[in-house]
Amino acid sequence: MIPWEFLGSAQVPGNGGKLSLYKRGGEFSIRVDGCELMNSRAHGSEDALAELTCASIADRPRPRVLIGGLGMGYTLAAALRLLGPGALVVMAELVPEVVKWNQGPLAGLTGHPLQDNRVNIRTIDVGQIIQTEHKAYDAILLDVDNGPEGLARKGNDWLYSRAGLNAAFAALRTSGVLAVWSAVPNRNFVRLLRQTGFKVDEHLVRARCSSGGGQHTIWIAERAS
Ligand SMILES: C[S@@+](CC[C@H](N)C(=O)[O-])C[C@H]1O[C@@H](n2cnc3c(N)ncnc32)[C@H](O)[C@@H]1O
């Protein structure tokens, strides 16, 4: 059995936990305070987050997409595969070290998506962008935590609150899509999305690309007007 090799750690700003990056052979793991946040062997749902979203917006002229949470870059890479040359993807990542890991040891996992000239990488809380931009995005994809239940950062609760969802609604263009990843289903959150004015579809997707593994939840919430 190959032992895990510690590659680095970083504090999540805003009362968050400690993120650590580990490697074992060709496998990578990001942990929050010792608990696994994600593993490079299981990225089916991270890919699906982009696939389910981009299916409905890829044919728009010059689509603008905001992604919150770089992680290992799977959602970003999947979005770039589906979007055309005129697209712009604003990639918001809170932790500067995560960006460095994606420019370094993690870059080859996903084909160096940060080098794509359609990507504008910003080291920032995605909530700050959502609060300040209006009718700016065709899609906003959120995978910043374990979902509305949280794990890494208490400050992310705002994103899933009534105020956060109202701000996301305002940041979207007409017929724009808010896509949210979650480890588990959450009925109260779906109700809140609907109360905000979104039309909501819930998808249960495989955690891994191949069959087997657990299931994760993705909500595709469309701003109807
Ligand atoms: C589960 S990972 C994202 C996985 C990603 N979808 C992928 O394909 O690899 C969560 C990421 O969100 C980042 N993050 C947490 N809170 C954030 C926030 N408020 N704004 C931007 N990024 C955030 C974390 O540092 C971490 O890199």
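**Strands and ligand shell**

Student: Which strand does S3 pair with, and do they run parallel or antiparallel?
Tutor: Strand S3, residues 27–32, is joined to S4 by four bridges, and the two run antiparallel. Keep in mind that this is a predicted model.

Student: What stands opposite Arg 31?
Tutor: Glu 36, which belongs to S4.

Student: How many residues lie between the strands in that hairpin?
Tutor: Two residues separate S3 and S4 in the hairpin. Asp 33 has a positive phi there, near 50°.

Student: And S1, what is it joined to?
Tutor: S1 covers residues 5–11 and is joined to S2, residues 18–24, through six bridges. These strands run antiparallel. One of the partners to look at is Gly 8, whose bridge partner in S2 is Leu 21.

Student: How many residues are between S1 and S2?
Tutor: Six residues lie between them, and the two strands form a hairpin. In the turn, Gly 14 has a positive phi of about 80°.

Student: Where do side chains point in a regular strand?
Tutor: They alternate between the two faces of the sheet.

Student: Which elements give two or more residues to the shell around it?
Tutor: Strand S4 (35–39), helix H2 (74–82) and strand S6 (88–93) do. S4 is also the strand that S3 is joined to.

Student: Which residues come nearest to the ligand?
Tutor: There are 23 residues around the ligand, and Met 72, Thr 75, Glu 93, Asp 143 and Asn 156 come nearest.

Student: How do the shell residues divide into nonpolar, polar and charged?
Tutor: The shell has 13 nonpolar residues, five polar and five charged.

Student: What is 2.8 Å from a nitrogen atom of the ligand?
Tutor: An N or O atom in the side chain of Asn 156.

Student: Which backbone atoms lie 3.1 Å or 3.3 Å from a ligand oxygen?
Tutor: For Gly 71, a backbone N or O atom lies 3.1 Å from an oxygen atom of the ligand. For Leu 70, a backbone N or O atom lies 3.3 Å from a ligand oxygen atom.

Student: How much of the ligand's accessible area does the protein cover?
Tutor: On its own the ligand has 610 Å² of accessible area, and the protein covers 98% of that.

Terms used
Residues numbered from 1 in each chain as written. Predicted model: local features only at pLDDT ≥ 70, side-chain atom pairs only at ≥ 80, totals over all residues. Heavy atoms only, no water. Near = heavy atom within 4 Å. Polar contact = N/O pair within 3.5 Å; in protein donor to acceptor, adjacent residues only side chain to side chain. Areas by Shrake-Rupley, 256 points an atom, 1.4 Å probe, with all protein chains shown as cover. Nonpolar A, V, L, I, M, F, W, Y, C, P; charged D, E, K, R; others polar. Pairing = 2+ DSSP bridges.
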